[in-house]
Amino acid sequence: MSIDTGLVDSVKSAIHKLYPTTRLKKIDVYGVSDEELLFINKKHLEHDYYTDIITFDYSRGNKISGELYVSLERVEENALALGLSYESELTRVVAHGILHLIGFKDKTEEEEKAMRSKEDEVLAYIDKYGS
């Protein structure tokens with residue numbers, strides 16, 4: 001399953017513009033099934049539950065790099081449940097992963113709210129400027 005590289009490039013460009021001190025390097029984004037992501041979640045994180053994205057951070061200093069594994073099934077289900085387009089939800093999820101790479105967390109309720117705000121900021125930037 002593939003993810004449009006234009007969408008990924010758009011998110012990376014928006015994040016670079018919003019956070020100009022970050023140096024986004026190689027960030028690979030893979031579209032996978034729910035079952036594939038569950039396997040990765042169990043194997044690497046010891047979590048036995050479905051999720052929409054898993055991010056592996058390979059950054060060194062301010063050179064940001066990593067891998068994002070996105071459940072395209074989960075993105076589609078979330079988009080339907082939230083009344084959003086598939087592309088909009090996929091863009092949000094990719095932004096979420098890259099925001100993790102640049103240091104944003106979502107473990108606490110407060111961090112979750114901040115992360116959602118940052119995702120919205122990226123989406124608004126893309127809506128306004130295209131990338």
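Which element gives the most to the lining of the largest pocket? The exercises below work towards this and related points. The model is predicted, with local features needing pLDDT of at least 70, side-chain atom pairs counting only at pLDDT 80 or more, and totals for chains, interfaces and linings using all residues. Residues are numbered from 1 along each chain as its sequence is written, and side-chain values use heavy atoms, with hydrogens and water left out.

**Exercise 1.** Describe the largest pocket and find its main contributor.

Step 1. A pocket is an open set of points on a 1 Å grid over the protein atoms alone, where a 1.4 Å probe fits, with protein on both sides within 12 Å along at least five of seven lines; lining residues have an atom within 4 Å of a point. The largest one has a volume (the space filled by probe spheres set on the points, which are joined across faces, edges and corners) of about 740 Å³.

Step 2. Its lining has 22 residues, of which Ile53, His96, His100, Asp106 and Lys107 are the closest to the centre.

Step 3. Two or more lining residues come from each of α2, β2, α4 (86-101) and α5 (109-129). Helices (H or I, at least four residues) and strands (E, at least two) are DSSP runs, numbered from the N terminus.

Step 4. α5 gives the most, with five residues.

Step 5. By class, the lining holds six nonpolar, six polar and 10 charged residues. Here Ala, Val, Leu, Ile, Met, Phe, Trp, Tyr, Cys and Pro count as nonpolar, Asp, Glu, Lys and Arg as charged, and the others, Gly among them, as polar.

**Exercise 2.** Describe the second largest pocket.

Step 1. The space in this pocket is about 170 Å³.

Step 2. Its lining includes Gly6, Ser10, Thr91 and Asp127, and α1 (5-18), α4 and α5 each supply at least two residues.

Step 3. Three lining residues are nonpolar, four polar and two charged.

**Exercise 3.** Which residues touch the most other members of the largest nonpolar core?

Step 1. A nonpolar core is a set of buried (under 20% relative accessible area, 1.4 Å probe, protein chains only) Ala, Val, Leu, Ile, Met, Phe, Trp, Tyr and Cys residues joined through side-chain atoms within 4.5 Å.

Step 2. In the largest core, of 28 residues, they are Val11, Ile15 and Val70. α4 supplies the largest share of this core, seven residues.

Step 3. A second, separate core has six residues, including Leu37, Ile54, Phe56 and Tyr69.

Conventions
Buried < 20%, exposed > 50% of the residue type's maximum accessible area, 1.4 Å probe, protein only.
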